[in-house]
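Thanks for coming. I have one structure to go through, and I will take it one piece at a time. Please have a look at it first.

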Amino acid sequence: MAELKLSAFVPTHTAPPVLRSDDIQVRWVMPEIYHDLPIHQTDDDEAIRLLEELANKALPGAGEDDKTRFGAVCALGFDDLLAAGAEYAAICVSAVEETPCTATLFASLVDSPEVDGGVSGAVREISSSLGRLGAGEASRIELPCGPAVSYIGVRESQFTGELTESGESFTFPTSFIRVYVPLPNGTTLVMEMATPTEAGWDTFSTMFGNTVSSIRLFNADGSPLITSGTPV
């Protein structure tokens, strides 16, 4: 599988998504082709409204049945995203050489490994732990915001029988790239792009490279934070 392609920072949103981890703010830029998923909306009526709005944006010109089915597929994926600790999630629907393709992206904050060495030690431990899994390719990378680890692989996903004509669930391969960015406060930003459509892999992985390259860290006072060379 191709390596993660890191590209230059290309702004596409005027107000990028943001996560806060104690005294550190994390920002990044999403490609305009992605649409935010309302994974934290607790009001059912508002969630339905947002999903309808999402379907209209993602599938312009499609029939109502297709839009309804798309919204249902998105909603059924919320539990998995929340189980993964997602604090932000988005979905992309596109056509690559006339082949319909889709991808999801999520970001979460998790505890960093309890090791010595600060950010550099966390990078080494995460890379080593992922390498021992043997289920994908783990690589240390350098982002503009500091050192990180990329993990590229394929996993089996399940499509629920609620949306199949036979009523039976089935599994399918999903390719993914996950990037771990340790922060100096003991937290790690995890960002993942996944797609079940092989034809879109090169396009989506390139876009994901742009996204993770756009990650910027800020201190509580708004000053920029770069973790390369952070004191341990």
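The buried residues of helix α1 pack against β3, α2, α3 and β4. Here α2 covers residues 64–76 and α3 covers 78–83. Before I go on, a word on the source: this is a predicted model.

So which residues of α1 are buried? They are A47, L51, L54, A55 and A58. Seen down the axis of α1, these buried residues fall within an arc of 100°, so they line one face of the helix.

What sits on the face of α1 turned away from the buried side? That face carries the exposed residues D45 and K57.

D45 also comes up at the start of the helix. There, a side-chain oxygen of D43 reaches to within 3.1 Å of the backbone nitrogen of D45.

Now the length of α1. The helix runs over residues 44–58, which is 15 residues. At 1.5 Å a residue, α1 should span 21 Å, and its end C-alpha atoms are 21 Å apart, so the two values agree.

Next, the strands. β3, residues 34–36, runs antiparallel to β4, residues 88–96, and three bridges join them. Which residue of β4 is the bridge partner of H35? It is I91.

β4 has a further partner in β5, residues 99–111. The pairing of β4 with β5 is antiparallel and has nine bridges. V96 stands opposite T99 in β5.

β4 and β5 form a hairpin, with two residues between them. Both E97 and E98 are found in this loop, and I will take them in turn.

E97 has a positive phi of about 50°, although E97 is not a glycine. Is E97 buried or exposed? E97 is exposed, with a relative accessible area of 77%; the cut-off for exposed is over 50%.

E98 is likewise a residue other than glycine with a positive phi, here near 70°. The relative accessible area of E98 is 79%, so E98 counts as exposed.

Technical notes:
Residues numbered from 1 in each chain as written. Predicted model: local features only at pLDDT ≥ 70, side-chain atom pairs only at ≥ 80, totals over all residues. Heavy atoms only, no water. Pairing = 2+ DSSP bridges. Helix = DSSP H or I, 4+ residues; strand = E, 2+ residues; numbered from the N terminus. Expected span 1.5 Å × (residues − 1). Buried < 20%, exposed > 50% of the residue type's maximum accessible area, 1.4 Å probe, protein only. Arc of directions from axis to C-beta. Contact = heavy atoms within 4.5 Å. Polar contact = N/O pair within 3.5 Å; in protein donor to acceptor, adjacent residues only side chain to side chain.
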